[in-house]
Amino acid sequence: MRHRFKVREIAQQAGLSEATVDRVLHDRPGVRQDTRAEVQQAITDLDKQRSQLRLNGRKFLFDVVMQTPPRFSAEFRTAIEAELPMLSPALVRCRFHFRDTESVPAMVETLGKLAARGTHGVILKAPDDPDVAQAIDAVVGTGAPVVTYVTDVPASDRLGYVGIDNRAAGATAAFLVDQWLGDVDREVLITLSSNTFRGEEEREMGFRTTLRTLAAERGAGFGRTVVELAGTDGLDATVESLVVDALGRHPAIEAVYSIGGGNTAIVRAFEAAGRRCRVFIGHDLDEDNRVLLRSGAVSAVLHHELRADARLACRMIMQARGALDGVVNEASRIHVLTRYNNG
């Protein structure tokens with residue numbers, strides 16, 4: 001049984017004799033299973049107490065840097081601010097750097113300022129670009145860990161990626177679209193905020209690959225045409241204009257997979273065209289999507305728990321700075337939400 005405590009400490013924590021604890025630790029016979037469990041629990045509790053002592057009095061200042069529409073940045077800010085008190089006894093504060101749109105040079109400049117003035121860690125949603133990767137490396141070079149969120153920059157020295165498996169999310173969306181459309185062969189519209197976000201690219205690849213596979217399973221000659229719209233920045237005005245134009249050019253579009261957001265604008269575009277959207281799959285349970293789900297305008301939303309993501313990102317950075325142990329990075333669970341279970 002692995003541990004790093006003296007037998008006396010474990011015995012005191014467990015309320016057992018040192019001789020009993022010694023027998024358990026050396027796996028000797030004649031010890032009841034519930035006694036072994038008590039010793040293991042004592043070791044677990046001591047680990048937690050040691051972590052609490054290490055955190056006591058520690059102060060951290062994290063920077064959250066995101067290129068994203070306000071509806072998502074507002075949701076994530078709410079999530080992370082709700083989690084900060086849970087990181088007690090450490091004191092964690094955040095500075096927020098949110099922009100609707102941002103060029104790669106502007107993102108590089110933002111990261112450069114953080115490298116120059118100092119930060120304890122960065123949670124980052126940024127384009128997957130070589131210049132951004134280099135800017136991340138510069139921040140990491142100052143001793144500040146960087147965690148990428150929602151979309152990754154894997155060629156950088158970032159500590160890790162937090163979020164869903166984006167390929168799996170795209171595959172899930174394809175499955176839902178295929179099931180709801182059934183044998184009706186109609187075109188499917190995909191909307192992306194930007195081709196530079198790796199997460200969106202992975203969702204698209206997962207969607208296209210799975211949609212082709214499912215179409216092939218329906219029999220020879222069956223297929224679904226995909227119409228792609230990119231460069232919307234997830235902003236309603238841009239999204240609506242591009243979707244109106246696409247609907248005019250593609251009369252067979254009856255399904256949407258919205259990767260980059262702007263779903264209210266997409267619904268308006270269909271209404272303006274007098275067209276029916278049979279299946280609409282979106283991402284993230286923001287306020288817009290709550291309304292659209294309740295009305296039935298959106299069929300399903302693929303969601304992940306933002307508070308759990310925020311907690312994991314903060315704890316990963318704290319572990320990298322020697323304040324925690326045992327933090328394991330796992331992909332966020334993908335929840336399929338409909339009008340009946342969106343809470």
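**View A. Five strands build an open sheet in the order β2-β1-β3-β4-β5, and their pairing is parallel.** Strands pair here if DSSP finds at least two bridges between them. The helices (H or I, at least four residues) and strands (E, at least two) are DSSP runs, numbered from the N terminus. The edges of the sheet are β2 (91-99) and β5 (160-162), and each of these strands pairs on one side only. On average, neighbouring strands of this sheet are turned by 25 degrees against each other, with direction ignored. Such angles come from axes fitted as lines to C-alpha atoms, for helices over the stretch in contact, and run from 0 to 180 degrees between N-to-C directions.

Before you move on, please note that this is a predicted model, in which local features need pLDDT of at least 70 and side-chain atom pairs count only at pLDDT 80 or more, while totals for chains, interfaces and linings use all residues. Residues are numbered from 1 along each chain as its sequence is written, and side-chain values use heavy atoms, with hydrogens and water left out.

**View B. Here we zoom in on β4 and β5, which pair in the parallel sense.** How many bridges join β4 and β5? There are three bridges between these two strands. To find your way, look for Thr148, which stands opposite Tyr161 in β5. Strand β4 covers residues 146-149, and β5, an edge strand of the sheet, covers 160-162.

**View C. Phe72, Phe76 and Tyr149 come together in one aromatic cluster.** Rings of Phe, Tyr and Trp (its six-membered ring) pair if their centres lie within 6.5 Å; planes under 30 degrees apart count as stacked, over 60 as edge-to-face and the rest as tilted. A search of the whole structure finds five aromatic pairs. One of them joins Phe72 and Tyr149, a stacked pair with 6.4 Å from centre to centre and 25 degrees between the planes. Phe72 lies in helix α4 (residues 70-83) and Tyr149 in strand β4, so this pair ties together parts that are 77 residues apart in sequence. Tyr149 also pairs with Phe76, and this pair is tilted, with 4.7 Å between the centres and 35 degrees between the planes. Again distant parts of the chain are linked: Phe76 sits in helix α4, Tyr149 in strand β4, and they are 73 residues apart.

Phe76 counts as buried because its relative accessibility is 0%, and Tyr149 does so at 1%.

View D. Ser73 counts as buried because its relative accessibility is 7%. Which residues does Ser73 touch, leaving aside its neighbours within four places in sequence? Ser73 is in contact (heavy atoms within 4.5 Å) with Thr68 and Phe98.

**View E. Now to another open sheet, with six strands in the order β7-β6-β8-β9-β10-β11 and mixed pairing.** The strands at its edges are β7 (226-229) and β11 (335-337), each pairing on one side only. From one strand to the next, the twist averages 20 degrees. Within this sheet, strand β8 (residues 253-258) and strand β9 (residues 279-283) pair in the parallel sense over three bridges. A handy landmark is Val256, which stands opposite Phe280 in β9.

**View F. Helices α7 and α9 lie across strands of the six-stranded sheet.** Helix α7 (residues 166-181) lies across β6 (187-191), β8, β9, β10 (300-303) and β11. Its direction is at about 165 degrees to β9. Helix α9 (residues 236-249), for its part, lies across β6, β7 and β8, running at about 155 degrees to β7.

**View G. Ser299 can be found in the loop between α11 (287-295) and β10.** With a relative accessible area of 19%, Ser299 is buried. Not counting residues up to four places away in sequence, Ser299 touches Trp180, Arg278, Val279, Phe280, Ile281, Leu293, Leu337 and Thr338.

**View H. Finally, we step back to the whole chain, with its 12 helices and 11 strands.** The C-alpha atoms fill a box of roughly 80 × 50 × 35 Å, taken along the principal axes. Of the 343 residues in the chain, 48% are buried. Among contacts between residues at least 6 apart in sequence, 69% join residues at least 24 apart.

Key
Buried < 20%, exposed > 50% of the residue type's maximum accessible area, 1.4 Å probe, protein only.
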